[in-house]
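Please examine the sequence and the structure shown below.

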Amino acid sequence: MIGRLFGFRGGVKPDAHKNESAGAAIERAPLPRRLVVPLRQSTRATARCIVQPGQKVLKGERIGEPEGYLGTAVHAPTSGTVVDFGRYTMAHASGLETRCVVIEPDGEDRWIEHAPFDHREATRSDALAWLRECGIVGLGGATFPAHVKLGKGAGIETLILNGAECEPWITCDDRLMRERAADIIAGAQILRELIGARALVVGIEDNKPEAIDAMRAAAASQAEVSVVPVPALYPAGGEKQLIRVLTGIEIPYGKLGADFGVQCFNVGTAHAVYRAIAHGEPLVSRIVTLTGNVERPGNWEVLIGTPIDELLQLARPRPDTDRFLMGGPMMGFALPRLDVPVVKGSNCVISASPALFPPAPPEQPCIRCGECARHCPAELQPFELYWFSRAKNFGKAQEYHLFDCIECGCCAYVCPSHIPLVDYYRFSKSEIWARERDKSAADQARERFEFRNYRQEREKEEKAAKLAAKAAETRAKLASDEAAPESAAPPPAAEDPKKALIAAALARAQAQKAAAQPKNTDNLSPETQAEIEAIEARRQSGGNPSVGDLPAGNAAGSATTAASSSASDSHP
Amino acid sequence: MIHSPYIRKPASVQRVMGTVLLALVPGIAAYVWQFGAGILVNLALASLTAIAVEAAVMRLRARPIGIAIGDLSAVLTAWLLALSLPPIVPWWITVLGVVVAIGAVKHLYGGLGQNPFNPAMVGFCVLIVAYPALMSQWPAAGQLDFATQLTLILGGARELDGMTAATALDSLRTGLRGGSGVDAVLAQGAAFGVAGGKGWEWVAAGYALGGLFLLATRTITWHMPVAFIAALTAISGAFWLADPAQHASPLFHLASGGAMLAAFFIVTDPVSGATTPRGKLLFAASIALIAWLIRSFGAYPDGLAFGVLLMNICAPLLDMKTQPVVFGHRGERR
């Protein structure tokens, strides 16, 4: 089915370090003392908490209701008692907090009643809703919701299953493919049917022969599935790179695979889909590799929300460990603290020692050797981006496709001057985002201001038009008034039209005043009426300006206030 | 490093520069074999001066001295300059050239990685413009023993008649200006060897060998040497085929002067050259073209250094106009 591989330019071959943990079969991690389950499990969406502290929950019971298009449901990873709902620190480079449900396990690990979902009988939208209900997000690390990625169900030719696992040290997908190949293929077939793709291609780096064999065996009888070994070259597991290697299609920045007829899912996601459809189990656990400077490297099936410090005890980090990396060494981050929970995107925790991960030598000047450009899988000129970022010339950096950078770290890995290049790009990107935010805030303010001006202008015009209309009306009325009484008695107005106009205006004002004054004060209860009279009397005697001195509107207004306040007095 | 990646390839500027220095060794060995050990004195002198100037300027700039000297970039500049000079120039010529190259051309622009011009080539141009006589006294192969060379380098009396000879390019040019044809000049001149200048052809071969080593170790990419050699071959070949009496063969051009040193070691300077693949091709080919023009029609016997400096000026523009297409943007117009 896949005739040839296309490859991608650039890439690096760091020491794989897979052997440390690749031989260790997946084991179930013991129940931790407590689970801190973040409600923010998918990108840019936080579920709404639907449990109370003190409430008993069963394994797989919904504790968070999905909100928004990108939201997915969150479930209790085990049975127990909700003990807290609050903000806890996340496994994040900056130690951000998010809303979490803390569950104390009861040790029984008792499932809520659940049943398989027949996706062939159900409509497609029901099936997607079911995956959303089961909290299925991309387990490759980006945690993008599966129901969104499955899209419209048309126009996808090829579904790609990402089993490349190109980052050094990580072996969770490798073990999953070796041990649960049939489930993964079944899950991938479900995804393929839901997305309406014809072909299913599994891409696995050729340094995982056991996984390739297992997946091939599992897919043996299925003609539409091909398991393709791809050359082990970091970042072959990057979604865009894998799509390029397998199909030759290049997805530019800002575009989705779906626009080009391909879609890509991680093998772990396919496994989770299988559990959700075939067993009705929501996503409450994942495989996490614990490796690096540890006594016992391994791969563990870990409940979401398990605190990492408790998890690490299983691997027994050696005493010279100086920090822990979440994810791989190329794109992962050093955990600022360890009392943070495992989330759906956590694939690996590496215990790092100065011997395994020596500190970088001092940064030297860029000599423009172009080594970074030769290894950039996005085919950028990283050193140019570096110079622009250094000079804070962000416009130029964008012009040189800064945002096509996938931050894979190849450039910094090969740089002979030991420049932390990716940090420069992150800096530039965040500066650009901040400026765009500022700009959009300024734009909003400007729009508000312009609208206010427009509104004031419009009101002024309306007022002027109204006045003009009124004046015209008055003039017309006056003319008819003059015409009517002429025959009966010659009015003095005829002698002095100006005086008549004033007199007419005065009469009108008086009539208006008479009409306005009682308007809000009629239908008053006797006691209110009495109160008003009393107030009026007090005011008169106190030498305060009388109502008559005030413009008519104000007088009416104060009467209204008095009326309403007394009304509220009488009816508490 | 605080952020990813947490692993790095064991690469360093020192390693890059060291590899280039190592690649110069075959050429230097051929030099010594053909022209005596005097060049070694010049190389040592240039290196010591470069280290001293680098240290002094870094001290003035209050920057770490150890790293700057340890990166070997100053030593490489010194070697490239020394190898471009006649091997019997008085010591102060070498010192002056290095002071200009490191002190002015490199550090006045901000030091390593910041200089828009190739330091060794500016040093060479300053010297050839300021001291044209001293810069044109080249010893003939096997003519001077080491003691004589040392005396000359240390500033001894320069009674050079019979000891030095015009270089191959020089002789050819004088001969052609005198009205003789290429064949006649080559037949009578003592300066000519099998392919280029007598003895120099072996040095050129040594540089080419070192250049292949640089390609094999991926220290340089193929673009510049290939473009340089191809362009020089093409232009000289075209004129040679059209008028062999007035124009030397491509082989002669490639084996003479600093062509091989330039092809693999000088035009490939990453700091001052173009960096994009297409930019590199244009950059190196243009240098070859300018060098050939100056050799054939200009006032100087060789024009490589001028070609390099002229193209250094164009490098930023070349880079800007030859940006490669980014992943996913093929088929778009820039």
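In chain A of this predicted model, 73% of the contacts between residues at least 6 apart in sequence join residues that are at least 24 apart. Chain A comprises 17 helices and 17 strands. Of its 572 residues, 45% count as buried.

Ala146(A) belongs to helix H3 of chain A, which spans residues 146-149. Is Ala146(A) buried or exposed? There are 28 other C-beta atoms within 10 Å of Ala146(A), and a residue counts as buried when 20 or more lie within that distance; Ala146(A) is therefore buried. Leaving aside residues up to four places away in sequence, Ala146(A) touches Leu131(A), Ile136(A), Val137(A) and Gly138(A), together with Thr269(A) and Val273(A). A further pairing concerns Asn266(A): this residue is 120 residues from Ala146(A) along the chain, yet the C-alpha atoms of the two are separated by 10 Å.

Attention may now turn to the contact between the chains. The model scores ipTM 0.90 and pTM 0.81. Chain A contributes 41 residues to the contact, and chain B contributes 31 residues. On the side of chain A that touches chain B, the elements giving two or more residues are helix H13 (410-414) and helix H14 (421-483) of chain A. H13(A) gives the most, with three residues. By class, the residues on this side of chain A divide into 28 nonpolar, eight polar and five charged.

Chain B itself has an average pLDDT of 89, and 93% of its residues score at least 70. Within this chain, helix H2 (residues 38-60) packs with helix H4 (residues 73-84) at an angle of about 140 degrees, and their axes are 8 Å apart. How are H2(B) and H4(B) oriented to each other? An angle over 145 degrees would count as roughly antiparallel, and one of 65 to 115 as roughly perpendicular; the two helices are therefore oblique to each other. The crossing in which H2(B) passes H4(B) is right-handed.

The residues that make this helix contact can be named on both sides. H2(B) supplies Asn42(B), Leu43(B), Ala46(B), Ser47(B), Thr49(B), Ala50(B), Ile51(B) and Glu54(B). H4(B) supplies Ala74(B), Val75(B), Thr77(B), Ala78(B), Trp79(B), Leu81(B) and Ala82(B). Sorted by class, the contact of H2(B) with H4(B) has ten nonpolar, four polar and one charged residues.

How values were computed:
Residues numbered from 1 in each chain as written. Chains lettered and ligands numbered in written order. Predicted model: local features only at pLDDT ≥ 70, side-chain atom pairs only at ≥ 80, totals over all residues. pLDDT = per-residue confidence, 0-100. Axes fitted to C-alpha atoms, helices over the stretch in contact; angles between N-to-C directions. Helix = DSSP H or I, 4+ residues; strand = E, 2+ residues; numbered from the N terminus. Parallel < 35°, antiparallel > 145°, perpendicular 65-115°, else oblique. Left-handed = near helix turned anticlockwise from the far one by under 90°. Contact = placed C-beta atoms within 7 Å. Nonpolar A, V, L, I, M, F, W, Y, C, P; charged D, E, K, R; others polar. Buried ≥ 20, exposed ≤ 12 C-beta atoms within 10 Å, placed from the backbone.
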